Amino acid sequence: MKRHALSFILIFLSIILFFVLNLVLGTISIPLSSIWHVLWGGEDASEIWQNIIWKSRFPQTVTALVAGAGLSISGLQMQTVFRNPLAGPSELGISSGAGLGVAFIILLSGSIGGTALSKLGLFGEVAVSVAAIGGAMVVMSVIIAISQRVKGNVVLLIMGVMIGYIATAVIGVLKFFSNEEDVRAYVIWGLGSFSKVSGGQVYTFAGIMAVLIPLSFLLIKTLNLMLLGEGYARNLGLNIKRARLYVITCSCVITAMITAYCGPVVFLGLAVPHLCRAIFVSSDHRILVPAVTLTGASLALLCNLIARMPGFEGALPINSVTALIGAPVVISVLFGKRKSEIS
Amino acid sequence: MERKQRVIEIKELSIGYAVKKSVKVVAERITSAIFSGELTCLLGANGVGKSTLLRTLTAFQPKLAGEVFIQGKEIACYPEKQLAALISVVLTERLEIRNMTVRQLVGLGRSPYTGFWGALNKEDERIVDQAISLVKITNLAHRMIDTLSDGERQKAMIAKALAQETPIILLDEPTAFLDFPSKVEMMQLLHQLSRTTNKTIFLSTHDLELALQIADKIWLMDRENGIRTGTPEDLSLDGSLSHFFARKGIIFDRDTGLFRVENELNRQVRLTGRGQRYTMVRKALSRNGILASRQVESDTLIEATEEGFAVFESGRLSGKVSNIEELLEKLLA
């Protein structure tokens, strides 16, 4: 218990550190004291600095924090429900669904409506969010409908992957019929970024997540029982169909929201739960759920920091960074598993 | 000890499952009862419906017809939460959980009684400790489950079932995948638990030798005759057991009440001696197609004595050997 408390404190401190660094570091250097003033409503700082912090760095940092936490919880839920260490938000086709929704909006607006959506400004942004949520929800409903009918979790996981393929294929067809400008806009959305959420939107986004993340904490006992597999979970009084519905819905809604605002962000949801199991040496969700929330937030902040490092100037897509950090984690998990299987 | 009660009562039960739109009946018209404080073993060939019966008794799958009464109340009338405090299971599926200690696993057995977050209180902790010590794995309590052997893991699952504090424990082939000493240990443990805790323990198994020796009641399940139940001894007296396993190569030995493999015997040899030495020579020769007995007259005579084995041909000593291996070589040469 003492060790766990220490780990929690360290992770919490890392969040604060990365949060501050995210605000401080950037192409334009702003002294720490001025940032402090700006954050607490001081008027003496220059307007440029205020703009940089309130319109760019602060929303981006909060987005990274919240999205990292959400994706990691979603990943943990997926891995437990499907009892598959390689399950994650993007593996069930939810991200692809969101991508499909966005593709419809971005790519078809040009060829049907005659104007490229990228030129529509705020209306375009809202349309993209709505489309992403819509697409993710459609895929999610299909997955949930299937989950109520098929028994095996592996079958469900494979269905998710297949739906993902179909979505990707349709996106490919849409791209073919679109003009270059729209395709470029879509590709940029697909790279994923924490910087697309504007100053006003960030409160909506953080607000939604502030509701969804605590909701997922309510499923802790359910998740612990699901670890034992369906037979034992049922025998311990769990209504397995309802439990699956709750957990998958919760996980899907979180993923859909984040994908809508940030684009598909890969690997965080897959890697963070593994990282936490390794750090806390536990499968107990009473520890894991808060652990992945904090670790996910911290890691997303770190990734965002690396993506914005001097020299890259924001050119490095967030997905490249998460993949570079996430893939080694997943690889090490696979290696660890192999070792225990041999012995 | 409390008086034995009919904890599970089955009347005219049909079990099976729906395939697409048709219904596949696995077994029909089963009528029997399972008693508290007893170890009942379900025996039957693969595919005869042992698992289906167990799944029906745990309410994992609906019955097709008939009635199942658990403590006098129809099983379908129990809500899931109540069943969880009534029946616990140990299944064949292997757990793939990493980073969970035995104690945490057993603690999950308290889930039907714990609150919203699943936290254990002092009383729960005490019950968990007691369950762990009942199956004698106190030394493993803080080990991770994925580091346990199959037998140890099986015991941990039984401890989980005990922590669930249900009057009934159903086990699906708890002795499968275990080595022989572990099988014996497992059965003895379950038998002992049924006595000390007065729980109703019902399990399916393929280890019929063990079941016949340790079980209080046997359920024989087979396609033609449905289910027959009784003590192993009664079933052996009325011929059910020998009929049940009437296959080429298996003989039900009425003297011992156990099974043995049938050997074709094509030669007879007179054998003298006593005790274990006599029986062991008999057994070894029988495996090689030779019937050896005191009652037989033959040119060859084998004397089994404390010093070794002497072989006589037509009354003359033809050789002495010190163990059965050499004796076999000499006789079969």
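**Close-up views of two interfaces**

**View 1. The area buried between chain B and chain A.** Chain B and chain A bury about 2600 Å² between them, and carbon and sulfur atoms give 54% of that area. Buried area is the accessible area (1.4 Å probe) that two parts lose on being put together, summed over both. The size of an interface is often given in this way, as the accessible area lost when the parts come together. The model is predicted: local features need pLDDT of at least 70, side-chain atom pairs count only at pLDDT 80 or more, and totals for chains, interfaces and linings use all residues. Residues are numbered from 1 along each chain as its sequence is written, chains are lettered from A and ligands numbered from 1 in the order in which they are written, and side-chain values use heavy atoms, with hydrogens and water left out.

**View 2. Contacts between chain B and chain A.** Here 34 residues of chain B are in contact (heavy atoms within 4.5 Å) with 28 residues of chain A. Eleven residue pairs are in polar contact, with both residues at pLDDT 80 or more. A polar contact is a pair of N or O atoms within 3.5 Å; within protein, one must be able to donate a hydrogen and the other to accept it, and residues adjacent in sequence count only if both atoms are side-chain atoms. Salt bridges across this interface number zero. The rule for a salt bridge asks for a side-chain nitrogen of Lys or Arg within 4 Å of a carboxyl oxygen of Asp or Glu.

**View 3. Domains of chain B.** The domain assignment, automatic or from a database, gives domain 1 (1–86 + 168–248), domain 2 (93–165) and domain 3 (267–332) of chain B. The centres of domain 1 and domain 2 of chain B, taken over C-alpha atoms, are 24 Å apart. Their contact takes 15 residues from domain 1 of chain B and 14 residues from domain 2 of chain B.

**View 4. Where domain 1 of chain B meets domain 2 of chain B.** These two domains bury about 1200 Å² between them, with 69% of it on carbon and sulfur atoms. Three residue pairs across this interface are in polar contact, both at pLDDT 80 or more. The count of salt bridges between the two domains is one.

**View 5. The salt bridge of B:Lys155 and B:Glu185.** The side chains of B:Lys155 and B:Glu185 meet in a salt bridge, at 2.8 Å from N to O.
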